[in-house]
Amino acid sequence: GTAMAHDPLNRVRVTSRFDFAGTVARLERAVAENGLAVVTRANAQNGARSLGIAVPGNQVWGIFAPRFAVRMLKVSTDAGIEAPLRVYLAEAADGGVTVAYIKPSAVFAPYASQDLDLMAGELDALFERIAQSVR
């Protein structure tokens, strides 16, 4: 899958060819290989399990890197609320796994800064490579 047609959020959705655990492992490796880090990880599956409820795999990762944080904050401390950038992993009832994210260029566009747009373009390319790792 590629960017959804007419998606106002500029989401990119990729259908993984791996199961949930395999998708997690592949993405973790790709994030590291692309010089980024998973700095936050919300796990709805573990949360539901704490209530005695089983749900398919569902995680939201926050991905960023210090070199981008420094560049971002030099331009705008307000933009700091956007970091880390989120990636959403969701397993369907049939076991299929989707990886989705909002393009960094769309996330930073409202700040109307050439420097942030340049940084976000670099992040777009890195996020695309990360997403390709599960295609």
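Modeller: A salt bridge here is a side-chain nitrogen of Lys or Arg within 4 Å of a carboxyl oxygen of Asp or Glu. By that rule, the side chains of R135 and E128 meet in a salt bridge, 3.0 Å from N to O. This is a predicted model, where local features need pLDDT of at least 70, side-chain atom pairs count only at pLDDT 80 or more, and totals for chains, interfaces and linings use all residues. Residues are numbered from 1 along each chain as its sequence is written, and side-chain values use heavy atoms, with hydrogens and water left out.

Accessibility comes next. Buried means under 20% relative accessible area, exposed over 50%, and partly exposed in between (1.4 Å probe, protein chains only). R135 counts as partly exposed because its relative accessible area is 25%. E128 has 28%, so E128 is partly exposed too.

A search of the whole structure finds 3 salt bridges. Another one joins E28 and R41, with 2.8 Å from N to O. This pair links distant parts of the chain: E28 lies in helix α1 (residues 20-33) and R41 in strand β2 (residues 37-43), 13 residues apart. Helices (H or I, at least four residues) and strands (E, at least two) are DSSP runs, numbered from the N terminus. E28 is partly exposed, at 32% relative accessibility. R41 is partly exposed as well, at 41%.

E122 and R71 also form a salt bridge, their closest N and O atoms being 2.8 Å apart. Again distant parts of the chain are linked: E122 belongs to helix α5, R71 to helix α3 (residues 66-75), and 51 residues separate them. E122 has 34% relative accessibility, so E122 counts as partly exposed. R71 has 30% and is partly exposed. Side chains of opposite charge can pair when their charged atoms come close.

On a 1 Å grid over the protein atoms alone, a cavity is a set of points where a 1.4 Å probe fits but cannot get out, and lining residues have an atom within 4 Å of a point. The lining consists of L27, V87, V99, Y101, F127, I130 and A131.

Notes. 1 Å grid on protein atoms, 1.4 Å probe; cavity = no way out; pocket = protein on both sides within 12 Å on 5 of 7 lines; lining within 4 Å.
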